[in-house]
Amino acid sequence: MAIIARWMQANGKERSGFVANGRCYPLDDGGTVQDLCEMGLAATLERAELAIAEGEWVSLDQVQLLAPLKPPTIRDFVAFEEHVEGVRISVDGVAGVVPQWHEAPTFYFGNPHTVRGTGEIIPIPAGCVELDFELEVAAVIGSVAGSNGENLDAATAHQHIFGYTIFNDWSARDLQRREMKVSLGPCKGKDFASTLGPWIVTADEFEHLHDDQGFLALEMKVSVNKQQIGLDLLSHMGWPFAELVAYASADSVVRPGDALGSGTCGSGCLAELWGRNGAQTPPPLQPADTVEMSVEGIGIISNTVGARREAITRVPSRPRPRLGASQRSQA
């Protein structure tokens, strides 16, 4: 097992490397977490062993952890049926799970440029009054010899899972609700921030914990201001991670460093509870609220909500005359 992290040292220098026994061991050549993903799991474990045995180190309590990697892409699935049941009422105004959800996994692409680390302040985006969190786990992709990451079967996809990290998919529910009416999205309801962290725990640590269908029964918890809001098991996903990775690669490709989110676990966000309760209880997040998430075997991330950015971002469409066919041909 290796715990892989990025951190900022007191001198302002950013480093990547390994965490063990309360110490951070940087890669000696200025390498990055992306480099490790491209090396693959076996080579990374060898490098970790050498770094921890012989390398320089700095105390973990003297650094600021950053998001553990800068993923080239983020795919976020919606793999927990319990979450879908509750949040559809809140966001779409309808109950139940559509039959298509059961037919195949579904995901959207997130914004890799707004990934945050544990401890960072999360400002409320302009126009949002219903800020929410989403408790998830993300699988990080690594290289596998002889595989190009395309059209993977589940067994090969499982080998491509380099490690796991906690994923908070921050959500502006009022912005999202409007966007989803257009049947395309989410967009501004999601792309302002997501948190990955506190580090990546390599996949070998969890290998013996998979059940006979490939699921991991890891406990997931989220609290707001120390009050527990949600609790679930990662094994309540509708598909194991290997099948999600395989589906993502179908007629496409997954590459080292890509992050694939599980989707929100049951009771892992406020919107699901709003749908079940018929009211906004618990209330939307406010400035100074602190959201803490923990996943068994991975760790804890914590972020505090910052101030709302005051700006008007909606730009109404402009009514335009429509020319007939003959007029278009003459235009």
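The structure is a predicted model, in which local features need pLDDT of at least 70 and side-chain atom pairs count only at pLDDT 80 or more, while totals for chains, interfaces and linings use all residues. Residues are numbered from 1 along each chain as its sequence is written, and side-chain values use heavy atoms, with hydrogens and water left out.

The nonpolar interior was examined in terms of cores, a nonpolar core being a set of buried Ala, Val, Leu, Ile, Met, Phe, Trp, Tyr and Cys residues joined through side-chain atoms within 4.5 Å. Burial is expressed as relative accessible area: buried means under 20%, exposed over 50%, and partly exposed in between, with a 1.4 Å probe and protein chains only. The largest nonpolar core comprises 66 residues, and those with the most contacts inside it are Phe133, Tyr164, Trp170, Leu234, Phe241 and Leu285. Helix α7 (residues 241-249) gives this core its largest share, five residues. Helices (H or I, at least four residues) and strands (E, at least two) are DSSP runs, numbered from the N terminus. A second, separate core has 19 residues, among them Ala2, Leu27, Phe167 and Leu196.

A cavity is a set of points where a 1.4 Å probe fits but cannot get out, whereas a pocket is an open set with protein on both sides within 12 Å along at least five of seven lines; lining residues have an atom within 4 Å of a point. Grid points are joined across faces, edges and corners, and a volume is the space filled by probe spheres set on the points.

At least two lining residues are supplied by each of β6 (74-77), α3 (81-92), α4 (99-103), β7 (107-109) and α6 (173-180), and the largest share, six residues, comes from α3. By residue class, the lining of the largest pocket contains 11 nonpolar, seven polar and eight charged residues. In this classification Ala, Val, Leu, Ile, Met, Phe, Trp, Tyr, Cys and Pro count as nonpolar, Asp, Glu, Lys and Arg as charged, and the others, Gly among them, as polar.

The second largest pocket has a volume of about 370 Å³. Of the 18 residues that line this pocket, Leu175, Arg178, Glu179, Lys188 and Thr313 lie nearest its centre. Nine of the lining residues are nonpolar, three are polar and six are charged.

One cavity of 30 Å³ or more is present in the structure, and the largest cavity holds about 50 Å³ of space. Tyr164, His210, Gly214, Phe215, Leu216, Leu234, Met237, Pro240 and Phe241 form its lining. This lining divides into seven nonpolar, two polar and no charged residues.

Thr44, in helix α2 (residues 41-54), counts as buried because its relative accessibility is 0%. A polar atom of the Thr44 side chain lies 3.1 Å from the backbone oxygen of Leu36. Contact, defined as heavy atoms within 4.5 Å, also links Thr44 to Ile4, Phe18, Leu36, Met39 and Phe162, when residues up to four places away in sequence are not counted. Ala246 lies in helix α7 and is likewise buried, at 11% relative accessibility. Leaving aside neighbours within four places in sequence, Ala246 is in contact with Leu152, Asp153, Ala154 and Ala157. The C-alpha atom of Ala246 is separated by 34 Å from that of Ile52, which is 194 residues away along the chain.

Several backbone features were also noted. The peptide bond from Gly185 to Pro186 is cis, with omega near 5°, and Pro186 is placed in the loop between α6 and β14 (194-202). The peptide bond from Gly197 to Pro198 is also cis, with omega near -5°; Pro198 lies in strand β14. Ser183, in the loop between α6 and β14, has a positive phi of about 65° although it is not a glycine. With a relative accessible area of 67%, Ser183 is exposed. Asn225, another residue other than glycine, has a positive phi near 50° and is found in the loop between β15 (219-224) and β16 (227-233). The relative accessible area of Asn225 is 38%, so this residue counts as partly exposed.

Technical notes:
A polar contact is a pair of N or O atoms within 3.5 Å; within protein, one must be able to donate a hydrogen and the other to accept it, and residues adjacent in sequence count only if both atoms are side-chain atoms.
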